[in-house]
Amino acid sequence: MTDVRPAARAGRRAWWWPALGAASLLLAWAGLSWALGPDTFPGVGATLDFLAREVRRGAIWGHVGITLWRVLAAFALALAAGIPLGVALGRVPALAAFAAPWLAVGLTLPRILILLAAYLILGLNERAIILSIALILLPTVAVQVREGVRGLDPRLAQMARSFRVSPAATLRAVTLPQLAPTLLGTARVTLSLAWKMVVFGEVFGRTSGVGYMIAFYFQQFEMRGILAYGVVMTVVLSALDGVLAVVSTRAAAWQASAPRPAGEP
């Protein structure tokens, strides 16, 4: 009979480290509050009390919802445009060479410049913040997918051609499984960037959302409000990132267990 105790112990230990990491975060927060003083940097309890007051007022969920909508809209637009572009750049060297200066500019241009330019050109509206942030994210998505496509195993594609597998079946059974970890990793990075940029854009040009409320409480010198809205949005986005992390882990496990071609270690 197979001894399952080592596997069970390993499963329990898998929870210890994230739990210890979360506990260390709370301890660091408490230590910072103690060092700076609760008036300058409120502790966890005071922040949660303020958050509970905002929940009772019913003011917080509307702002969280509109910020989440902006994040997901910019995230979806960036992936929808960046993934096909990255695949094309990885497949066509001439196109990659042509696009290299565009990507270099897109990756190095200050992000606030694109955001403020969009507000000036399109106005202070939803279209400006969502399109500008999708444009900011696009070069990052395209470059990461391009590198993933360049790392595909050409022998598997050659094998598919030898067996006369259709292009659609090759894409579904050969290309996408290899590319899945890259796509999921790109999605996690893009989601993280999108949320930070949306909050940044709301501070400057919107009258709703978590960024707007953080700017409002900044003007009131109310640190509890700033921390409370930051905590809520971080928890929501961490939950979405956790879903992507689980899918990414399963995709990586499939890739590790997949049979390798003969001769490969």
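In which helix is the place of Arg-146? Arg-146 belongs to helix α6, which spans residues 126-150; helices here are DSSP runs of H or I with at least four residues, strands are runs of E with at least two, and both are numbered from the N terminus. The model is a predicted one, in which local features need pLDDT of at least 70, side-chain atom pairs count only at pLDDT 80 or more, and totals for chains, interfaces and linings use all residues. Residues are numbered from 1 along each chain as its sequence is written, and side-chain values use heavy atoms, with hydrogens and water left out.

The chain as a whole contains 10 helices and 0 strands. Of its 265 residues, 35% are buried, where buried means under 20% relative accessible area, exposed means over 50%, and partly exposed lies in between (1.4 Å probe, protein chains only). The accessible surface amounts to about 15800 Å², and 71% of it belongs to carbon and sulfur atoms; such areas come from the Shrake-Rupley method with a 1.4 Å probe, and for residues only the protein chains shown count as cover. A contact is defined by heavy atoms within 4.5 Å. Among the contacts with a separation of 6 or more, 76% are between residues 24 or more positions apart.

Arg-146 itself is buried because its relative accessibility is 15%. Leaving out residues up to four places away in sequence, Arg-146 touches Gly-86, Leu-89, Gly-90 and Leu-103.

Helix α3, covering residues 60-91, holds Ala-78. With a relative accessibility of 1%, Ala-78 counts as buried. Beyond four places in sequence, Ala-78 is in contact with Ile-83, Ala-134, Leu-137, Leu-138, Val-141 and Thr-190. The C-alpha atoms of Ala-78 and Pro-139 are 8.8 Å apart in space, although the two residues are 61 residues apart in sequence. His-63 also lies in helix α3, and a relative accessibility of 16% places His-63 among the buried residues. The contacts of His-63, its neighbours within four places in sequence set aside, are Ser-208, Gly-209, Val-210, Tyr-212, Met-213 and Tyr-229.

The nonpolar interior comes next. In soluble globular proteins, nonpolar side chains tend to be buried together. A nonpolar core is taken here as a set of buried Ala, Val, Leu, Ile, Met, Phe, Trp, Tyr and Cys residues joined through side-chain atoms within 4.5 Å. Which residues touch the most other members of the largest nonpolar core? They are Val-71, Ile-133 and Tyr-229, in a core of 46 residues. At least two residues of this core come from each of α2 (44-57), α3, α5 (111-122), α6, α8 (167-205), α9 (210-219) and α10 (223-257). Helix α8 supplies the largest share, 10 residues. Val-71 touches Leu-191, Ala-194, Trp-195, Val-198 and Leu-237, residues up to four places away in sequence not being counted. Apart from this core lies another, of 6 residues, including Ala-99, Leu-103, Ala-142 and Val-143.

Charged side chains supply a further set of links. The structure holds 10 salt bridges, each defined by a side-chain nitrogen of Lys or Arg within 4 Å of a carboxyl oxygen of Asp or Glu. One of them pairs Glu-126 with Arg-70, whose closest N and O atoms are 2.6 Å apart. This pair links distant parts of the chain, with Glu-126 in helix α6 and Arg-70 in helix α3, 56 residues apart. Glu-126 is partly exposed, at a relative accessible area of 24%, whereas Arg-70 is buried, at 1% relative accessibility.

Glu-126 also meets Arg-206 in a salt bridge, at 3.0 Å from N to O. Here Arg-206, in the loop between α8 and α9, is joined to helix α6 across 80 residues. Arg-206 is buried, with a relative accessible area of 16%.

A further salt bridge joins Arg-188 and Asp-241 (2.9 Å, N to O). Arg-188 lies in helix α8 and Asp-241 in helix α10, so this pair ties together parts 53 residues apart in sequence. Arg-188 is partly exposed at 30% relative accessibility, and Asp-241 is partly exposed at 23%. Through shared partners, salt bridges join Arg-70, Glu-126, Glu-202 and Arg-206 into one network.
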